[in-house]
Each structure stands twice: as C-alpha cells, then as structure tokens.
Amino acid sequence: MQILLYITVLVIGCFLGSIIKPKAKFDYRLAIGYIIIALLFRINAALVNFANIQDAALLNPLLFVLNWGKSISYLIIGYLITRIYYSFKSNDTVSRNYPLKKIVAYTLWAITIINGFEFIIETGYKIKNLDDLVSQFASYGYAVWFLYFIMITETLGGILVLLHFKLKTGPAAAAYLMIVMLGVVYSDWHKGAPFSFSYPAVDAFMSLSLMQIMYRFEKKASKRTP
C-alpha cells in the first residue's frame, strides 16, 4: 500500500509538471525548499531510530512523518524532474530564461541527501538491532560475514553518494545500492515473506532510480551554454 502511494504521488507530481506553465522563480524556490525538506526528513529519521524517544506525544508525529512524509518528496521530485525534462526539450524564450543548471543542482542535492543519509542511518539501525539481523540473515541462509559485508558496503555507498559533487562517485554508488536493493527483494521473495517486507527496499530502489535520472540531467546541463 505504501509503495502504491509513493508511485501515485510521483505520477501526480509528473502530471503537474507537465501541465503547469514553467515559472522560473517558483521552480527555483521549490528546488531550494526541497533541500530543506530533505534535511528535515533525514533528521526526523535519525531521531526516530536513535533518540530513544519515549514520549508518545512527540514520537507519534515523528513516526507519521517517517512513514508518510516521503510522499512529499516523491511529489516534488516528480514535478521537478518533469519541469527539467521539458526545459531541455524546449527552446522558447521562457526556457532560455529558466535557471536550469541551478534547479538541476539543487534538486540533485536534495535527493542526494535523502538517499545518501538513508543508507548511513540504515547501517546504524542494523548495528542497533544486530542480534535480530543476524537471526534474520541466518533464516535466509546467509552467513554472518555477509551481513557485515552488506553493512560496510551500504555505508560506503551512502558516503560515496554524498561525495558525488566532489568525486563524481554518485552514479556508480547508486547503481551498486540498487543491486543490493534488488537482492533484498529477491531474498524476501525466495523466503516467501510478504511483499510488505520488501517495501523499504523497493522505496530505496525507486528513489535511487530517480537520482540516476538526475545524474543524467546534471551531465546534460553541464554541456548547456548559459
């Protein structure tokens, strides 16, 4: 159900991006706002996983944002990706005045924050619940060393995603993490687990796929004359 919601809001965002006339100032501000939303979203995830909050009045809103707040991210990225796509295709005056490079950069920064920190936080969660993860991997027929390998490489993948703007390591790191997520889905399917067990992996795969699109846009925008 959650994945269906994400897909639905992503499609809505793409639809809005295709029908709304381009407004450079709005899209520019939205891309900047997306960075702020991404930071707040990841801070929220860190608080839920590591702050050990016991007060239900505080914890419940944080859980609500954690469980459903990402829909906002999919709505925004769907809209911005569509607007960027149409800006590349168009040669009219509006598009020539469109701050494409900045919007691409800010949008990529936002989704980089979401995906990069997601895997770092996930590794922290695994460490916090290591005994349960060891038992889970054993039930799937995997050795304990494989769990540690996944934890280390997921962390490195997240770091390399975050270092993309310095080292251009994002596409390769994202591709590796997408393969890992496919492995998670396959493991759950092979074990006969409900598909809901794979929701986090499918969510991560979708988000990484959108980031790969943004990498292509970044490369294309770098060749575009101001």
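**Ring pairs and helix packing**

User: How many residues apart are Phe146 and Phe149 in helix 8?

Analyst: They're 3 residues apart in helix 8 (residues 144-162), so about one helical turn separates Phe146 from Phe149. Helices here are DSSP runs of H or I, at least four residues, and strands are runs of E, at least two, numbered from the N terminus.

User: Before I go on, what sort of model is this?

Analyst: A predicted one: local features need pLDDT of at least 70 and side-chain atom pairs 80 or more, while totals for chains, interfaces and linings use all residues. Residues are numbered from 1 along each chain as its sequence is written, and side-chain values use heavy atoms, leaving out hydrogens and water.

User: OK, how many aromatic pairs are there?

Analyst: The count is 13, taking Phe, Tyr and Trp (six-membered) rings with centres within 6.5 Å; planes under 30 degrees apart are stacked, over 60 edge-to-face, the rest tilted. One of them is Phe146 with Phe149, a stacked pair at 6.2 Å centre to centre with 20° between the planes.

User: What are the relative accessible areas of Phe146 and Phe149?

Analyst: Phe146 has 27% and Phe149 has 39%. Both Phe146 and Phe149 count as partly exposed (buried is under 20%, exposed over 50%, with a 1.4 Å probe and protein chains only).

User: New topic. At what angle do helix 1 and helix 11 cross?

Analyst: Roughly 20°, and the axes of helix 1 (residues 2-19) and helix 11 (residues 199-222) come within 9 Å. Axes are fitted to C-alpha atoms over the stretch in contact, with angles from 0 to 180 degrees between N-to-C directions. So helix 1 is roughly parallel to helix 11 (under 35 degrees; over 145 is roughly antiparallel, 65 to 115 roughly perpendicular, the rest oblique).

User: Which residues make that contact?

Analyst: From helix 1, Gln2, Ile3, Tyr6, Ile7 and Leu10; from helix 11, Tyr199, Val202, Asp203, Met206 and Leu210. Contact means heavy atoms within 4.5 Å. By class, the helix 1 and helix 11 contact has 8 nonpolar, 1 polar and 1 charged residues; Asp, Glu, Lys and Arg are charged, Ala, Val, Leu, Ile, Met, Phe, Trp, Tyr, Cys and Pro nonpolar, the others polar.

User: And how do helix 2 and helix 4 pack?

Analyst: Helix 2 (residues 24-50) meets helix 4 (residues 70-89) at about 150°, with the axes 11 Å apart. That makes helix 2 roughly antiparallel to helix 4. Their contact includes Phe26, Leu30 and Arg42 of helix 2, and Lys70, Ile76 and Arg83 of helix 4.
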